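Subject: Structure handover

Hi,

Here is the structure I said I would pass on. Please open it alongside this note.

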Amino acid sequence: WKPERVAVKEMRKHLSWYLHGMRGAARIREQINTISEPRSVFDLLSWIEHTALEEETGKENGPWRCSD
């Protein structure tokens, strides 16, 4: 196991990468970079799931960019 501080920094790095291509990702990455507690990571993921992914985008796979 890693110290909590290290694990949160690693989660921030991965979350930022996973959001690549999502509409509004820059705003979410700003929030990610301020996270210091594990609970905050889960809260942000919940927000993304319930708010950002429900927005009408006009694309089949929601806010995700389609790569044809």
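**Confidence.** This is a predicted model. The chain has a mean pLDDT of 77, and 75% of its residues reach 70 or more. Among the elements, α1 has the highest mean pLDDT, at 88. The lowest belongs to α3, at 83.

**Core.** The largest nonpolar core has 11 residues. They are V8, L15, L19, M22, A25, I28, I32, I35, V41, L44 and I48. As a general point, nonpolar side chains in soluble globular proteins tend to be buried together. Not counting residues up to four places away in sequence, I28 touches L19, M22, L44, W47 and I48.

**Helix α1.** This helix has 15 residues. From first C-alpha to last, α1 reaches 21 Å, close to the 21 Å expected at 1.5 Å a residue. Its buried residues are V8, L15 and S16. They sit on the same side of α1, because they cover an arc of only 100° around the axis. That buried set packs against α2 and α3. The face turned away from the buried side of α1 carries the exposed residues K13, W17 and Y18.

**S16.** Why does S16 count as buried? Its relative accessible area is 16%, and the cut-off for buried is under 20%. S16 lies in helix α1. Leaving aside neighbours within four places in sequence, S16 is in contact with R29, I32 and N33.

**Salt bridges.** How many does the structure hold? There are two.

- E10 pairs with K2, and their closest N and O atoms are 2.8 Å apart. E10 is partly exposed, with a relative accessible area of 31%.
- R39 pairs with D43 through their side chains, at 3.1 Å from N to O. Both residues lie in helix α3, four residues apart, about one turn of the helix. An α-helix has 3.6 residues a turn, so residues three or four places apart point the same way. R39 counts as exposed, at 55% relative accessibility. D43 counts as partly exposed, at 39%.

Best wishes

Conventions. Residues are numbered from 1 along each chain as its sequence is written. This is a predicted model: local features need pLDDT of at least 70, side-chain atom pairs count only at pLDDT 80 or more; totals for chains, interfaces and linings use all residues. Side-chain values use heavy atoms; hydrogens and water are left out. A nonpolar core is a set of buried Ala, Val, Leu, Ile, Met, Phe, Trp, Tyr and Cys residues joined through side-chain atoms within 4.5 Å. Buried means under 20% relative accessible area, exposed over 50%, partly exposed in between (1.4 Å probe, protein chains only). Contact means heavy atoms within 4.5 Å. Helices (H or I, at least four residues) and strands (E, at least two) are DSSP runs, numbered from the N terminus. The expected span of a helix is 1.5 Å times one less than its number of residues. The arc is that of the directions from the helix axis to the C-beta atoms. pLDDT is the predictor's confidence in each residue, from 0 to 100. A salt bridge is a side-chain nitrogen of Lys or Arg within 4 Å of a carboxyl oxygen of Asp or Glu.
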